[in-house]
Amino acid sequence: MSATVVLGAQWGDEGKGKLVDILSAEFDICARCAGGNNAGHTIVVPMGPEKVKKTFAFHLLPSGLVNPKCIGLIGNGVVVHVPSFFEELDALQEQGLDCTGRLFISDRAQLVFDFHQIVDGLKEVELGGSSIGTTKRGIGPAYSSKASRSGLRVHHLFDHDTFAQKFRKLVEGRFKRYGHFEYDTEGEILRYKALAERLRPHVIDSVSYVHKALSEGKKLLVEGANALMLDIDFGTYPYVTSSSTTIGGVCTGLGIPPKRIGKTIGVIKAYTTRVGGGPFPTEQLNDVGVHLQEIGREFGVTTGRRRRCGWLDLVVMKHSCLINGYDSLNLTKLDILDDLDEIKVAVKYLVNEQELLGFPADLEVLAKVDVVYVTLPGWKKSITSATTFDELPENCQKYIGFIEEFLNVPIEWIGVGPGRESMVTKAGKVQG
């Protein structure tokens with residue numbers, strides 16, 4: 001068997017969790033491979049005999065856990081804040097989602113500590129007007145500890161004396177760098193002694209586990225975190241996250257080779273949003289932007305921050321398709337465009353009237369681009385009740401077809417509302 005991968009294709013918040021939730025009903029394992037609890041997915045599903053709709057907020061745990069037969073795995077490429085792990089798990093259990101015996105974590109996963117979160121805030125203050133706009137969840141500092149080979153991993157928790165020694169050294173290093181901020185080092189060491197015992201039943205050798213599952217014919221679904229434009233290499237650096245959010249991050253974050261990756265699905269919002277700082281060529285600081293933000297409920301699941309909003313950017317998507325090689329796309333939140341008279345789509349960037357061949361690495365260049373748009377007619381009709389592609393208005397179908405033809409990638413799923421049932425499927429071929 002090979003793994004199926006779901007990745008964010010823009011700047012995150014595309015609605016990956018909903019597709020993962022739908023697909024995971026057919027999969028045995030749903031795995032996270034990168035990021036931490038800075039990610040956020042909201043899933044609305046009917047529960048119980050009465051089919052009462054419940055809203056689940058996922059941050060660190062795999063979204064596939066909503067399906068009671070699916071096992072959740074946090075891979076080695078994820079950075080884990082153990083208190084948040086249990087806080088999220090307890091919240092799911094209280095909502096009636098039993099995760100007993102079906103949530104595992106790699107013994108190689110790096111740990112995020114509270115001091116990483118404090119340092120995250122201090123780094124943002126230090127940057128001042130050039131701040132990245134992080135979630136302050138300690139993700140960047142934890143990956144920095146990993147890269148500098150001074151970090152601690154899950155397996156370190158189970159040798160308490162060695163853990164305590166390494167932990168003190170790690171905190172002292174942060175004190176030397178940022179000054180002596182308030183932090184109870186010895187209290188944290190005792191806290192993690194208790195947390196380690198609670199975590200122990202969840203910890204596995206994830207590499208052996210994944211390869212054994214694949215060799216036995218088990219179906220593996222990989223849930224990406226963040227998105228392509230936030231990738232540490234290919235995103236709008238330095239306004240990016242600290243991990244590899246691409247298809248390459250699936251290999252390094254789970255320990256599976258490229259030949260074991262089957263279908264790759266990109267999730268693309270019908271418009272564009274991003275949070276935090278950094279360039280955003282199609283951002284609309286006008287009534288259109290307000291409409292997208294308000295009607296689209298564009299507020300972060302993890303932080304509650306308002307998202308910046310703009311037109312769909314197919315220059316970004318071309319860049320995304322080149323790197324991740326999507327086999328098909330999931331176009332989400334198409335219903336948010338229902339009331340617009342016309343819809344613009346970015347198709348090229350110009351600098352001094354010359355078209356750029358790709359998405360520029362240099363943010364100074366990006367700041368100077370003139371965006372060329374194609375204007376398409378709106379459909380001025382609600383699509384939330386549509387259950388088939390043919391039920392969508394003609395102009396809506398044309399909008400979908402334009403995206404497919406431009407990218408030469410088929411759109412296989414179309415989100416027409418927030419619920420699990422509000423997903424239209426379409427034949428997996430490009431509509432000419």
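Visitor: Which residues does Thr264 touch, not counting residues up to four places away in sequence?
Guide: A word first: this is a predicted model, where local features need pLDDT of at least 70, side-chain atom pairs count only at pLDDT 80 or more, and totals for chains, interfaces and linings use all residues. Residues are numbered from 1 along each chain as its sequence is written, and side-chain values use heavy atoms, with hydrogens and water left out. Thr264 sits in strand S11 (residues 261–269); strands (E, at least two residues) and helices (H or I, at least four) are DSSP runs numbered from the N terminus. Taking contact as heavy atoms within 4.5 Å, Thr264 touches Val5, Leu7, Ile247, Asn324, Gly325, Tyr326, Asp327 and Ser328.

Visitor: Is Thr264 buried or exposed?
Guide: With a 1.4 Å probe and protein chains only, buried means under 20% relative accessible area, exposed over 50%, and partly exposed in between. Because its relative accessible area is 4%, Thr264 is buried.

Visitor: Which residues does UniProt list as "binding site" from Val301 onwards?
Guide: This comes from an unreviewed entry, and such annotations may be inferred rather than shown by experiment; positions follow the numbering used here and feature names are shortened. The record gives Val301, Thr302, Thr303, Gly304, Arg305, Arg306 and Arg307.

Visitor: With which side chain does the side chain of Arg306 make a polar contact?
Guide: Arg306 lies in the loop between H9 and S13. Leaving aside neighbours within four places in sequence, Arg306 is in contact with Val275, Gln293, Glu294, Glu298 and Phe299. A polar contact is a pair of N or O atoms within 3.5 Å; within protein, one must be able to donate a hydrogen and the other to accept it, and residues adjacent in sequence count only if both atoms are side-chain atoms. At 2.4 Å, the partner of Arg306 is Gln293.

Visitor: How much space lies in the second largest pocket?
Guide: On a 1 Å grid over the protein atoms alone, a pocket is an open set of points where a 1.4 Å probe fits, with protein on both sides within 12 Å along at least five of seven lines; lining residues have an atom within 4 Å of a point. Points are joined across faces, edges and corners, and the volume is the space filled by probe spheres set on them. For the second largest pocket, that gives about 510 Å³.

Visitor: Which element supplies the largest share of the lining of the second largest pocket?
Guide: The lining has 24 residues, and those closest to the centre are Gly15, Thr42, Arg297, Lys333 and Pro418. Helix H1 (16–24) and strand S3 (41–47) each supply at least two lining residues. The largest share, four residues, comes from S3.

Visitor: Is Asp13 buried, partly exposed or exposed?
Guide: Asp13 is in the loop between strand S1 (3–8) and H1. Its contacts, apart from neighbours within four places in sequence, are Lys269, Thr273, Val275 and Arg307. Because its relative accessibility is 24%, Asp13 counts as partly exposed.

Visitor: What is the phi of Arg149?
Guide: Most residues other than glycine have a negative phi. Arg149, in the loop between H4 and helix H5 (160–178), is exposed, with a relative accessible area of 78%. Although Arg149 is not a glycine, its phi is positive, at about 60°.

Visitor: Is the peptide bond from Tyr237 to Pro238 cis or trans?
Guide: Most peptide bonds are trans. Pro238 is in the loop between strand S10 (220–223) and helix H8 (247–254). With omega near 10°, the bond from Tyr237 to Pro238 is cis.
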